[in-house]
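Take a look at the chain below. Keep the sequence and the 3D view side by side as you read.

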Amino acid sequence: MKKNFIIGAIAVVLILFAFASFGAVPKKAAGLSLFQYKSGYFTNYVETPSYQEKWTSSTKNVSISYGRIEASSAAKGTFKLYIQIKQNNKGSWKTIKTINANKNGTTRFDSPKFSPKDRYRFKLVNEGTKKKVTYKLTWATTGTKK
C-alpha cells in the first residue's frame with residue numbers, strides 16, 4: 001500500500017514537470033480568443049501596450065473583433081481610435097484602421113486581417129478640446145485558417 005502511494009506520488013510529480021517543460025504560454029488554435037480589457041484616461045493621447053497572442057502554425061490571419069470602447073468626458077464630440085500594427089515586430093507602427101469614437105457613449109469596432117506574427121496596439125487621440133476622457137476598451141482577437 002505504501003509502495004503504491006509513493007509510486008503514484010512520483011507519477012504525479014513527473015506529469016506536473018512534463019507540463020511545465022512545454023512552456024508557460026500555450027498556443028491558441030484558430031478561432032476566438034478570450035476578451036481583453038484596458039482602461040484609463042487621457043487628455044491629449046495615449047498608446048496602449050503592444051499585444052500579440054500565440055497562435056498555432058495553421059492560423060494564417062488574425063483580426064480584432066467584438067471591439068468596444070466606452071468613454072466619458074466633460075466635453076462633447078469624438079476622438080480618434082487608431083488600430084496599429086508592427087509587422088513581424090520590426091519597423092514603425094502602421095495604422096490599419098481609424099475609428100471616430102464618441103467621447104460620451106459606446107463605440108463598436110473591428111479591424112482588417114493581419115498576420116499572427118504582427119504585434120498590435122491601440123492609440124487614442126483627443127481632438128479639439130483637451131478635456132479628460134475616461135475609457136474602457138474591450139476586444140477579442142479571431143484567428144482564421146484562410
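## The model

What you see is a predicted model. Treat each value below as computed from that prediction.

## The nonpolar core

Start inside. The largest nonpolar core has 23 residues. Seven names stand out: Ile-64, Ile-69, Phe-79, Phe-109, Tyr-120, Phe-122 and Leu-124 touch the most other members.

In soluble globular proteins, nonpolar side chains tend to be buried together.

## Salt bridges

Now turn to charge. How many salt bridges does a search of the whole structure find? The search finds four.

Take Arg-121 and Glu-47. They form a salt bridge, and their closest N and O atoms are 3.3 Å apart. This pair links distant parts of the chain. Arg-121 sits in strand S7 (residues 119-126), while Glu-47 sits in strand S2 (residues 45-47). The two residues are 74 residues apart. Is Arg-121 buried or exposed? Arg-121 counts as buried, because its relative accessibility is 11% and the limit for buried is under 20%. Glu-47 is partly exposed, at a relative accessible area of 35%.

Glu-47 has another partner. Glu-47 also forms a salt bridge with Lys-123, with the closest N and O atoms 3.7 Å apart. Here too, distant parts of the chain are linked: Glu-47 is in strand S2, Lys-123 is in strand S7, and they are 76 residues apart. Lys-123 is partly exposed, with a relative accessible area of 22%.

## A pair and a network

## Two loop residues

Find Thr-48 in the loop between S2 and S3. Thr-48 counts as buried, because its relative accessibility is 5% and buried means under 20%. Leaving out residues up to four places away in sequence, Thr-48 touches Lys-38, Arg-121, Phe-122 and Leu-137. Two of these names came up earlier. Arg-121 forms a salt bridge with Glu-47, and Phe-122 belongs to the largest nonpolar core.

Next, find Gln-87 in the loop between S4 and S5. Gln-87 counts as partly exposed, at 41% relative accessibility. What does Gln-87 touch, not counting residues up to four places away in sequence? Its contacts on that count are Lys-94 and Asp-118.

## A nonpolar surface patch

Which residues make a nonpolar surface patch of about 410 Å²? They are Phe-35, Tyr-37 and Tyr-66. Tyr-37 lies in strand S1 (residues 36-42). Tyr-37 is exposed, because its relative accessible area is 63% and exposed means over 50%.

Technical notes: Residues are numbered from 1 along each chain as its sequence is written. This is a predicted model: local features need pLDDT of at least 70, side-chain atom pairs count only at pLDDT 80 or more; totals for chains, interfaces and linings use all residues. Side-chain values use heavy atoms; hydrogens and water are left out. Patches are made of residues with over 30% relative accessible area and no salt bridge: like charges are joined within 9 Å, nonpolar side chains (Val, Leu, Ile, Met, Phe, Trp, Tyr) within 5 Å. Accessible areas come from the Shrake-Rupley method with a 1.4 Å probe; for residues, only the protein chains shown count as cover. A salt bridge is a side-chain nitrogen of Lys or Arg within 4 Å of a carboxyl oxygen of Asp or Glu. Helices (H or I, at least four residues) and strands (E, at least two) are DSSP runs, numbered from the N terminus. Buried means under 20% relative accessible area, exposed over 50%, partly exposed in between (1.4 Å probe, protein chains only). A nonpolar core is a set of buried Ala, Val, Leu, Ile, Met, Phe, Trp, Tyr and Cys residues joined through side-chain atoms within 4.5 Å. Contact means heavy atoms within 4.5 Å.
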